[in-house]
Structures are given as structure tokens and as C-alpha cells.
Amino acid sequence: MHYISDALYWISYGLLVPVTLLLIYFFIRSLILLGAFFGQMMQIRKNMVAIQNVIKDLSADNITTIGDKLPKSKNSMVCRYMRNVVEARSSKAKVDFLEAQFEIEADKDMEMSKILIKMGPMLGLMGTLIPMGPALVGLSAGDMETMAYNMQIAFATTVVGLFSAVIGFITKQFKQRWTDQDINNLQFLCDLIAEENEK
């Protein structure tokens, strides 16, 4: 049993370096995500107002004009899909495919946020628990320097992991709201096309 516990100890302690490196990676990715998020937020708010004005006056009779009224931004995924849906309006299968494809692509945009939400706390907890063993050994041996060093690692990894998760959570909440609004607009357009085809 002594050998098994020693093996487990060395395995867990050996994971400290990869866990720390992953935490640094996710911390950097969270900063990149945060910077990109603010740029995306400005663009989406601007486009959302324009899209709502177009949707407000839209009916089955003037669907073909939507392409000219939508914002010309190349970065707006929903505008691109709305134009594609109008172009493919004669085929119900193609319209349904584009609608489903939009949801997949929108979910992909939230992928990093979801990863940070889950992986940040998990890696932070691992980074906290791994150094606690050597810290307790140092405490029992009266080696306060070793204990302090390991406790410093434990607290730092927790903070970095939670910070990454917070960034992931905030960005996901906003992106989910934007995606729901875009899906609603796209669904409305698809329903109007279905009405037009029934005439």
C-alpha cells in the first residue's frame, strides 16, 4: 500500500507542470477572447439595430429587397445567412439546411467560452490540490519556506483558473443572447419564405 500511495503522489505531483502550463494557456486565451469580444460587441450592437429596422418592415411581399437593406458588414454572420436564405428561398430543404447550419456555426463561436467555463475551475482545483501535499509535508517537517512556496502556487492557480472561467461565463452569456436574437430573426425570415411559397 505504501508503494501505491507513493506512486499516486508522484503521478499527481508530475501533473503540476502540465496543469500550470494549461492554466497559463487558458489565461492568455481568455485575454484574447475578451479583446475580441469587445470588438464583436460594438459591431453586433450596430448591426442589431439595423436588422431590427429591416425586420420590422418585412413581409412575404418584400422579402427579395432584404439583401439591399441589411448591413454590408462582412463580419456579420446572421446577415450573410439571411442573404443566403433569401437566395435559396425556392428550396425548402436548402432553407432548412441553412437555418440549421447557422445554429451550428453560432454554437461554434461560443466554443472557447464554454471550454473556459469548464476547464478553468477544474484546472484551478487541480493546481490547488497538487501543491497541498508538499505544503503539508513541509509544515510537518517545520520547513515553512517549502510550505509557503507550495501554498503560493496553490492560490495562484486557483485565481488564474477562476479568472479564465469568469471571462468565459461573461462572454458566453452575451453571445448566447445575441445568438438567440439572430436565430429568432432568421426563423422569422424562414417563416415568411414558407408563407410566400404557399401562395
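**Overall architecture and nonpolar cores**

Of the 199 residues in the chain, 35% are buried. The structure described here is a predicted model. Its secondary structure consists of seven helices and zero strands, and the order of elements from the N terminus is α-α-α-α-α-α-α. The chain is more spread out than a compact globule, because its radius of gyration, 25 Å, is well over the 16 Å that the globule rule gives for 199 residues. Along the principal axes, the C-alpha atoms occupy a box of roughly 85 × 35 × 20 Å. Where contacts link residues at least 6 apart in sequence, 77% of them join residues at least 24 apart.

The largest nonpolar core contains 23 residues, of which Ile51, Ile66, Leu70, Met82, Val85 and Leu189 touch the most other members. Two or more residues of this core are contributed by each of helix 2 (16–56), helix 4 (77–87), helix 5 (92–109) and helix 7 (144–198). Helix 4 provides the largest share, namely six residues. When neighbours within four places in sequence are set aside, Val85 is in contact with Val95, Leu98, Leu186, Leu189, Cys190 and Ile193. Another core, of 11 residues, lies apart from the largest one and includes Leu23, Leu33, Met112 and Leu123.

Methods: Residues numbered from 1 in each chain as written. Predicted model: local features only at pLDDT ≥ 70, side-chain atom pairs only at ≥ 80, totals over all residues. Heavy atoms only, no water. Helix = DSSP H or I, 4+ residues; strand = E, 2+ residues; numbered from the N terminus. Rg over C-alpha atoms; globule rule 2.2 N^0.38 Å. Buried < 20%, exposed > 50% of the residue type's maximum accessible area, 1.4 Å probe, protein only. Contact = heavy atoms within 4.5 Å. Core = buried A, V, L, I, M, F, W, Y, C linked by side-chain atoms within 4.5 Å.
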